[in-house]
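Please keep the structure in view while reading.

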Amino acid sequence: MTTIMPSIEPSGERIVALCDKLALHSSQPDGLTRIFLSPEQAAASQLVLGWMRDVGMHARIDAIGNVVGRYEGIETGAPCLMLGSHLDSVRDAGKYDGPLGVVTAIECVRALHARRQRLEFAIEIYGFADEEGVRFGATLLGSRAVAGTFRPANLEARDGGGITMRQAMENAGLDPDQLPAATRRRDEVLAYVELHIEQGPVLEAEGLPLGVVTAINGQSRYRIEIAGMAGHAGTVPMGSMRRDALAGAAECVLAVERICGAVPELVGTVGSIETLPGAVNVIPGRARFTLDVRSPHDDTRRRAVGELLATFASICEQRHLSLSHHVMLESRVAQCAPWLMTQLEAAVAADGIAVRRLPSGAGHDGMAMIDVTDIGMLFVRCKGGISHHPAESVTAADVAAGARALLRFIENFRPVAAEPAT
Ligand code: HGY
Ligand code: MN
Ligand code: MN
């Protein structure tokens with residue numbers, strides 16, 4: 001007698017509900033903030049470990065705190081198709097940036113497990129521990145550890161409370177000296193494919209639930225510091241006797257808007273700024289701000305960064321201020337592999353959905369994973385393109401379409417020999 005296994009197809013409602021459940025693990029009482037190596041992240045990781053084990057995966061926490069699940073293929077120990085996304089968030093975040101990719105991948109494995117279906121390859125799902133880089137400034141820490149490109153100097157980076165990454169790892173029960181154990185070899189991984197919300201307006205504007213990503217824009221992140229002279233707000237006359245670091249920084253911020261606004265497809269953002277000593281009646285002696293510059297063209301981005309740093313220097317010279325800058329991230333454009341795009345498009349088209357290729361303005365773990373394997377991405381429409389904001393939202397129908405496409409991609413996945421590294 002043949003047993004008809006329940007063919008549990010991934011449910012959009014279930015995936016959204018699980019993302020909403022994950023969002024409860026937050027350090028922010030009235031919203032979602034879940035940063036790298038925080039108690040909230042540890043709790044979220046335990047939840048995801050359980051979900052992975054429920055669908056027949058071996059699941060563990062790796063040396064940097066990534067959650068890793070493995071669903072064996074027909075042959076134990078086979079190379080894997082790697083799926084996933086990140087489990088950390090920005091401050092006051094949306095619920096789906098990151099978790100949607102992890103949960104959807106788990107629900108695809110649930111469908112395979114329910115049918116007792118094994119494939120010619122293993123499936124591994126990563127819930128990366130730090131993609132956003134909120135706590136220590138450097139981003140993609142979890143995926144860089146997997147790709148073997150983690151910079152040990154990052155261990156000495158300090159968070160806002162003065163805790164080093166090394167201490168934070170030890171506090172979380174991780175051994176920084178074991179970090180190399182997180183690295184995966186190229187021959188273990190057939191490809192890395194991530195499902196993610198678009199975080200932009202294109203799919204919604206064109207009435208499409210899904211899109212296939214062509215490339216992840218290149219990104220430069222800097223920490224800029226301007227020093228002047230603190231002084232009494234009431235007694236130092238306006239003009240050249242003042243060396244107001246915040247006024248200088250403000251002129252720099254407007255230069256970012258002017259210079260980046262003049263170049264198509266280039267974006268520049270000052271996301272955070274702080275002044276010292278930060279008192280109402282003291283002229284700011286120091287100002288620190290972050291700079292985030294992105295473009296689909298690496299030469300455009302590099303030229304813009306050069307022009308911005310030169311402009312900052314000229315502003316500071318005129319105001320008798322000193323300027324220093326620290327590179328936090330330089331990441332080239334990460335091209336998605338055509339063979340993966342073709343297979344993702346076939347999976348999307350099989351549902352009768354028009355295929356739309358588009359670049360990603362947002363950064364993703366694929367920027368790191370490209371150093372160990374070919375990458376692909378599948379975008380799901382999000383309302384108004386809103387992201388990095390509590391109003392981030394998706395529909396269960398679009399999520400179900402994304403899950404169907406991802407499951408179809410998995411079932412029809414045909415690995416090709418990766419191009420030899422150039
Ligand atoms: O910053 C980004 O683009 C991504 O959300 N980490
Ligand atoms: Mn993300
Ligand atoms: Mn993000």
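The model shown here is a predicted one, and its protein contains 11 helices and 16 strands. Its radius of gyration is 23 Å, close to the 22 Å that the globule rule gives for 422 residues, and the protein is therefore as compact as a globular protein of that length. Taken along the principal axes, the box filled by the C-alpha atoms is roughly 95 × 45 × 45 Å. Of the 422 residues, 55% count as buried. If one considers the contacts between residues at least 6 apart in sequence, 78% of them join residues that are at least 24 apart.

Two packed helices are described by the angle between their axes and the distance between the axes. How do α9 and α11 cross, and at what angle? The axis of helix α9, which spans residues 338-349, comes within 8 Å of the axis of helix α11, residues 396-411, and the two cross at roughly 125 degrees. The crossing in which α9 passes α11 is right-handed.

On the α9 side, the contact is made by Leu 340, Gln 343, Leu 344, Ala 347 and Val 348, while α11 contributes Ala 405, Arg 408 and Phe 409.

Methods. Residues are numbered from 1 along each chain as its sequence is written. Chains are lettered from A and ligands numbered from 1 in the order in which they are written. This is a predicted model: local features need pLDDT of at least 70, side-chain atom pairs count only at pLDDT 80 or more; totals for chains, interfaces and linings use all residues. Side-chain values use heavy atoms; hydrogens and water are left out. Axes are lines fitted to C-alpha atoms, for helices over the stretch in contact, and angles run from 0 to 180 degrees between N-to-C directions. Helices (H or I, at least four residues) and strands (E, at least two) are DSSP runs, numbered from the N terminus. A crossing is left-handed if the near helix is turned anticlockwise from the far one by less than a right angle, and right-handed if clockwise. Contact means heavy atoms within 4.5 Å. The radius of gyration is taken over C-alpha atoms; the globule rule is 2.2 Å times the number of residues to the power 0.38. Buried means under 20% relative accessible area, exposed over 50%, partly exposed in between (1.4 Å probe, protein chains only).
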